[in-house]
Amino acid sequence: MVKKAKGKGGFDGDGYNKNVSRQVTNETWKFKKSFKHHKNSDSQTPVIRYHYFVDPSWKNEIFLCYEFVNGYGNPFRKQVEPETAKYFAEIANLFESQGLDVEEQSVICGNALEEARGKELELATDYIISHTLQTLLEGCDVDNLCSFLRGCANVFPAIAMDRSGSHVAESALKSLAMHVQDTEAYTIIEETLRMMCKVFVVNPIDLMCNCYGSHVLRSLLCFCKGVPLDSSEFHGAKASKILAERLNFKVSQMDGNDSQHLEQGFPNLLKFLVSGMVNCTREDIKTLQVDQYSSLVLQTALKLLAGDDQELLQIIPVLLGCNKQNLVEGRSIDIISAGEIVELMKETAFSHLMEVILEVAPESLYNEMFTKLFKNSLFELSSDYCGNFVVQALISHARTKDQMELIWEELGLKFGDLLGMRRPGVIASLITACQRLQTHEYKCCEALATAVGSKNETSKCIVPRILFLDSYFSYEDKSSWNWTGGVKMHVMGSLILQAIFKFQSEWIQPYILSITSMEAEHVLEAAKDARGAHVIEAFLASDASTKQKRRLVVKLRGHFVELAMNPSGSFTVERCFNAGSLSLREAIASELLAVRTELSKTKQGPHLLRKLDIDRYANKPDQWRSKQASKHSAYNDFYVAFGSCESKLPTKNKFLSDASIDISEPEELNTRKEIDSSLTSTSMLDDTSVEKKEKRKKRKRDVGSEDAVDSKKVMENAVKNFLSSGTLDKKRRGASKHKLQI
C-alpha cells in the first residue's frame with residue numbers, strides 16, 4: 001500500500017504499530033516488536049524495506065511504499081497504477097454528484113468491479129480508493145458482488161487484516177447479507193462463502209490474532225449463523241448487559257440459538273469454519289488462549305453454537321488445551337492439565353473466553369469442569385482480578401443445589417475476605433444463585449451482615465456500609481466509620497442490597513431495621529443518588545410490613561418535589577406514594593401540586609402527575625380522597641380473597657435490567673395496577689355515581705360474608721369485580737425502558 005510520508009519520517013501502520021521502536025540503517029527500518037500470535041516468532045526482528053517515489057497524480061508529494069521482508073505483516077502492497085487510480089477517482093466523483101438513478105448506479109458498480117478484477121488487494125488496501133470500493137460493493141447486484149469476492153478469495157485474509165481493507169471486507173459481507181433472503185441467490189452466495197471459508201481455514205491463526213481480521217471473521221461467523229453482522233450480542237456484549245444476565249439469570253437471546261433477528265443462515269459452513277479454526281496444533285491453541293483478538297473470535301463462535309451440544313462437546317475441550325484423543329464424554333478434561341487451565345483463568349483473554357464456555361457448556365461438560373477444574377480452587381480464583389469473573393460465571397450457571405452446597409463450603413465463610421479484596425461481584429452472584437435455586441438464602445443474609453459488622457455492633461450500620469463498600473473497607477478503623485457524604489454510592493453494593501430485599505422478610509430483619517433507622521438526611525441523600533434510590537425502591541417493593549415501609553417514607557416528607565424533578569427520583573416518589581397511607585399520599589400530592597407546571601415540562605413529569613392524579617386533586621380534592629380510599633379498600637379486599645402474592649408465588653429474580661430491556665414491576669405492584677386500572681376506567685364515566693358506590697359496598701359485603709367452603713365463589717366474584725372492567729397497563733413511561741439499575 002501507498003502511504004504519505006510524515007514530517008519526521010514516521011510510519012503510519014495498519015495494526016502492527018503497538019510497542020514499536022525503530023532503527024534506521026541505510027535503506028532499512030527495523031521494527032522491534034513482540035508478535036505473540038505468529039507461529040514462527042523467534043529472536044528474528046521483523047524488517048521492513050521502504051521505497052520513496054514521486055507520484056505526479058498527487059502533486060509531486062513524496063510517498064512511502066513498504067514491504068515486510070521476512071514474513072511478518074500483510075503481503076507486499078503494490079502501487080495502484082495511475083490510470084486505475086484516475087478511473088476510480090472519476091467513479092467517486094460520479095457518485096458524489098448524486099445524479100444517478102438506481103439502475104444506472106447498479107450498472108456502473110458492476111463495470112467498476114469488473115475493472116477491479118485482479119487488483120482487489122491493491123485497491124482495497126488503498127486508503128482513498130477503499131472508500132470508493134465500499135460504495136461499489138454496496139450498490140452492485142448479487143452476481144457482481146459474488147464475482148468480486150470469488151476473484152479475491154485467495155487474498156481476502158490479507159484484505160481483512162488491513163486497516164482500510166477490513167472496512168471493504170465488512171461492506172462486502174453486509175451487502176451480501178442483504179441478498180441472503182433471495183432464494184434464487186442463496187446457492188451462489190453459499191458457493192461464494194464456501195470458497196472464502198476454505199481459504200480462511202488454511203491458516204486462521206494470523207487472521208484471528210489480528211485486530212482488524214478478528215472483527216471481519218466475527219462478522220463472517222454471524223453471517224453464516226444468520227444473525228446481524230453488527231450484533232453486539234455476539235461481537236461482544238457490554239459489561240452491564242453481561243452483569244444483567246448473570247444477576248437476573250434471564251435467558252440470553254443466544255441461549256438455544258434463539259436470537260430475535262435470526263435469518264436464513266449457512267449452519268454447515270458455520271461448523272466447517274469453526275472446526276477449521278480450532279483444528280490447530282497444541283502450540284497454536286496456547287497462542288489462541290491468551291490473545292485478546294482470537295479470544296473474541298472464539299467467544300463469538302461459542303455463542304453462535306449455543307445449544308448444539310454435540311459440536312460444543314468437541315470444541316470446548318480443545319479450547320481448554322485437552323488431549324484430542326480423550327474427547328469422550330466424562331473424560332474430556334485431563335486432571336494433569338487442570339492446574340494449567342486454572343492458571344490460564346487468571347489471564348485476561350482466557351478469563352473472558354472461559355466465562356462464555358461456562359455459559360454455553362452442555363450440562364455434562366459443565367459438571368465435569370466444576371469437579372475437575374473449580375473444586376478446591378474457588379477462593380483462589382475469586383481472589384484474582386480476572387479469575388473472580390470466571391467464578392461469577394460459574395456460580396451464575398450452577399445447575400443444582402449440590403453444586404451450590406460445594407460453592408458455599410468454599411466461599412460461604414469468606415464474605416468478609418472477598419469484600420476486603422474488592423470482589424463484591426462474587427457475593428452478588430452467589431446471593432442471586434441462592435435465590436434462583438432456593439437454597440442457603442438465610443445463610444447468605446447472615447454471612448453478609450456478619451461481613452460488614454460485628455457481634456458488638458447494632459444492625460443499624462449494615463445498609464450504610466454496603467452502600468459505601470469501598471469507603472468502608474478502605475477505612476483503617478472500621479468501627480469508627482461514618483456515613484460518607486458527597487460520594488457516589490457503590491454499584492455492586494446497591495445491587496447486593498436490591499437482591500437482599502427480595503428475600504422473605506423474616507430472613508432480612510437486620511437489613512430492614514438498618515434502612516428504617518437511617519437518619520432523614522441520609523435517606524434523602526440515598527434517594528437522590530440513582531444507586532441508593534434503587535435500594536429504597538427495592539425495599540418498598542419487598543415483603544417488609546407496611547408499617548416498616550411507611551417509617552422510611554415519612555423521612556422523605558418535604559422533599560418529594562426535589563426528588564420528582566429528578567428523572568430517577570420520580571420512580572422513588574411513585575413507590576413512596578403507593579406504599580404510603582392516605583394522609584401521606586395527600587402530603588405527597590400537595591407537594592407536587594405546588595410545582596405542577598414546572599414538573600409537567602420535564603420528561604418524567606407528565607407520567608408522575610397522571611399516576612398520582614394531581615389534576616383531580618387540584619380541582620376536586622374530596623373526589624380524589626374518595627378515589628384513593630376506594631383503591632385502598634379494593635386492594636385490601638383483593639388480599640382477603642386471594643392472599644398475598646408473595647406468599648403464594650416464588651420470588652422472581654428480577655435483579656438488574658439492561659438499558660434496552662423493560663423493567664418489570666413486582667407482583668404486588670402489578671396487582672395494584674390491575675385494581676387501579678379497574679377503578680380508573682369506571683370512575684372516569686361517573687365518579688359521583690351513587691349506583692357505583694352501592695356496587696362497591698355490595699362487593700365488600702359479598703366478600704366479607706362468604707364462608708371458607710365457598711372460597712372459590714369468592715375468587716370468581718373478586719375477579720369479576722376488580723379485573724373485568726380494566727386491563728393491566730403494562731406500559732411504563734418511555735424513560736423506564738432506558739433505566740439501568742446501577
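**Figure 1. Salt bridges of the predicted model.** The chain holds 15 salt bridges, a salt bridge being a side-chain nitrogen of Lys or Arg within 4 Å of a carboxyl oxygen of Asp or Glu. The model is predicted: local features need pLDDT of at least 70, side-chain atom pairs count only at pLDDT 80 or more, and totals for chains, interfaces and linings use all residues. Residues are numbered from 1 along each chain as its sequence is written, and side-chain values use heavy atoms, with hydrogens and water left out. Salt bridges with shared partners join E343, K346 and E380 into one network.

**Figure 2. The salt bridge between R465 and E457.** The closest N and O atoms of R465 and E457 are 2.8 Å apart. R465 is buried, with a relative accessible area of 3%, whereas E457 is partly exposed at 25%. Here buried means under 20% relative accessible area, exposed over 50%, and partly exposed in between, with a 1.4 Å probe and protein chains only.

**Figure 3. The salt bridge between D615 and R596.** The side chains of D615 and R596 meet at 2.9 Å, N to O. D615 lies in helix α38 (residues 614–619) and R596 in helix α36 (residues 596–600), so the pair ties together parts that are 19 residues apart in sequence. Helices (H or I, at least four residues) and strands (E, at least two) are DSSP runs, numbered from the N terminus. D615 is partly exposed, with a relative accessible area of 45%, and R596 is partly exposed at 29%.

**Figure 4. The salt bridge between D613 and K627.** An N to O distance of 3.5 Å separates the side chains of D613 and K627 in their salt bridge. Because D613 lies in the loop between α37 (605–611) and α38, and K627 in helix α39 (residues 621–642), the pair ties together parts that are 14 residues apart in sequence. D613 is buried, with a relative accessible area of 14%, and K627 is buried at 10% relative accessibility.

**Figure 5. The largest nonpolar core.** This core has 184 residues, and those with the most contacts inside it are M354 and Y511. Helix α24 (residues 424–437) gives the most to the core, with 8 residues. A nonpolar core is a set of buried Ala, Val, Leu, Ile, Met, Phe, Trp, Tyr and Cys residues joined through side-chain atoms within 4.5 Å.

**Figure 6. Y511 and helix α29.** Helix α29 (residues 509–516) has Y511, I512, S514, I515 and T516 as buried residues. The elements that cover them include α25 (441–451), α26 (462–467), α28 (491–500), α31 (530–540) and α32. Neighbours within four places in sequence left aside, Y511 is in contact with residues including C445, L448, I462, V463, L497 and F501, where contact means heavy atoms within 4.5 Å.

**Figure 7. The buried face of helix α32.** In helix α32 (residues 546–553), the buried residues are Q548, K549, L552 and V553. Seen down the axis of α32, these residues fall within an arc of 140°, so they line one face of the helix. The arc is that of the directions from the helix axis to the C-beta atoms. An α-helix has 3.6 residues a turn, so residues three or four places apart point the same way.

**Figure 8. The surroundings of C224.** C224 is placed in helix α10 (residues 211–225) and is buried, at 0% relative accessibility. Apart from neighbours within four places in sequence, its contacts are G265, F266, P267, L269 and L270. The C-alpha atoms of C224 and E190 are 9.2 Å apart, and the two residues are separated by 34 residues in sequence.

**Figure 9. The position of G110.** G110 belongs to helix α2 (residues 102–115) and is buried, with 9% relative accessibility. L137 is 27 residues from G110 along the chain, and their C-alpha atoms are 8.8 Å apart.

Figure 10. The pLDDT, which is the predictor's confidence in each residue from 0 to 100, averages 77 over the chain, and 69% of the residues score at least 70. Over residues 1–73 the pLDDT stays under 50, and the model has 150 contacts beyond four places in sequence for this stretch. Residues 253–260 also have pLDDT below 50, with 19 contacts in the model beyond near neighbours in sequence.
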